[in-house]
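This report looks at a few local features of one protein model. Please view the sequence and structure before reading on.

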Amino acid sequence: MTASLGRIVIVEDDAVLLEQLTWALKGKFAVSSARDATRARSLCEAEPDLYLFDLRLPPSNQTREGLDLLKHVRRRDPDATVVIMSGEGERSVALEAVAHGAFDFFQKPVDTAELLLILQRALERRRLLAENRELRRVASSAGAAASGRLVGESPAMRRLAREIGKVAGSEANVLLLGESGTGKELVARAIHAGSPRRDRAFVAVNASALPESLAESELFGHEKGAFTGAVASRPGRFELARGGTLFLDEIGTFSAGVQAKLLRAIESREIERVGGRASIPVDFRLVSATNEDLEARVADGSFREDLFYRINTIPIAIPPLREREGDVARLADHFLDVVCRREGVSRKLLSAAALARLEAHPWRGNVRELAHAVELAVLFSEGGEIGEEDLPRSLRSPRNAAPKATVPTSYAAAVEEFEQKLLRSAIAAAGGVKAEAARRLGLDANQIKYLCRKFGL
């Protein structure tokens, strides 16, 4: 953690402990402090990034003072991020504080390392909320989100936009069905943006990217000491989505054990952290997605039937790109604008021949594949027009294609070609410094080492 992470208000009546906390955090935060609830209320007017409250505060020195202060802060700012300090034997009151909107709690005596980890997680939640506010600014309704974020005017997309508008205002669980790359997360965000929960968090979970050993901890959180490496208590995605929308992508990949816990959370609106015994109430609207035939999975016993019916209250089918007549050209133009702006180059246009090749392609990778193809064409074309020869080799006509043996015949091969060219371009632009190339591409050290070994760079 670095200095100047934000502003924090600490409320603690013990002068010695307050001084210790201020000393421990002042190099990382701009710290304001108070020793009673009355002074704390005035500090809250400045809307700091984080709050750190003791539960027992003057004038009564009862836990009710801390709970009342928490409720006051949350009334003023529903997104306020509050961490609670409690004494021994006050765990039940601390859990009550979590039920009233506190982000997390820890017990005294204060472990500085544990505290900093909790505050780091709290800042992550604050960032998620800020990102969602920006999303709401861009898309103030489901219709606006569907037209502004989900590009397309085909009959299939107009039907999808109508379905989003109908379901967004309800609390019913939604299951999004569609092939990989069709834009299921964008649809989920559009539903959230048009819902009464639009002012709260949208938390996305890619189930297929979670190792089975970490899935429960990521979803439900864990308590300190629950497993090796659990040096502090940590809330899961269900808690982070409090009051908002939880999006579970590729839900069919969860193990049987996780499926059972998901079912309980959906039915009871309560979860238990890994290593914990207390039930924590959660408030969320569930949107799930899959590219699998879950009914077939239910039939063969690999997906719970009761869970399937819970998540499948309202199914919405997202059309593949090949069924969206006329949308390839619209999407290609949209991606051209996005990539040219991002790369700081003059706006490029597609030649008639290049556009014809795009419209004739089957797009098995759907919108994601089209976005990669347009990005590659922008990065490696010269001049203001993208010709057929600038497209990935898998999209060129036979007379312009490379020898058959070297032509990628699958979407995966085309993506690999794109990755290699993009990596070479980034390393060249960084003057051969791979660490700088990694920074520009948003990769960590291990990822760029792997890619360089993969492509012999």
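Gly6 touches Lys28, Phe29, Ala30 and Asp49, leaving out residues up to four places away in sequence. The model is a predicted one. Between Gly6 and Phe29 there are 5.2 Å from C-alpha to C-alpha, although the two are 23 residues apart in sequence. Gly6 lies in the segment before strand E1 (7–11). Its relative accessible area is 14%, so Gly6 is buried.

Helix H1 covers residues 15–25. At its start, the backbone nitrogen of Val16 is within 2.9 Å of a side-chain oxygen of Asp14.

| Side of H1 | Residues |
|---|---|
| Buried | Leu17, Leu18, Leu21, Ala24, Leu25 |
| Exposed, on the other side | Val16, Glu19, Trp23 |

Viewed down the axis of H1, the buried residues fall within an arc of 130 degrees, so they line one face of the helix.

Nonpolar side chains tend to be buried together in soluble globular proteins. The largest nonpolar core here has 76 residues, and the members that touch the most others are Leu52, Phe238 and Leu262. Helix H5 (residues 112–138) gives this core its largest share, seven residues.

Leu52 is in contact with residues beyond four places in sequence, including Leu21 and Leu25, both of which are buried in H1. Other contacts of Leu52 include Ile8, Val9, Ile10, Val11, Val83, Met85, Phe106 and Leu115.

Definitions and conventions: Residues numbered from 1 in each chain as written. Predicted model: local features only at pLDDT ≥ 70, side-chain atom pairs only at ≥ 80, totals over all residues. Heavy atoms only, no water. Core = buried A, V, L, I, M, F, W, Y, C linked by side-chain atoms within 4.5 Å. Buried < 20%, exposed > 50% of the residue type's maximum accessible area, 1.4 Å probe, protein only. Helix = DSSP H or I, 4+ residues; strand = E, 2+ residues; numbered from the N terminus. Contact = heavy atoms within 4.5 Å. Arc of directions from axis to C-beta. Polar contact = N/O pair within 3.5 Å; in protein donor to acceptor, adjacent residues only side chain to side chain.
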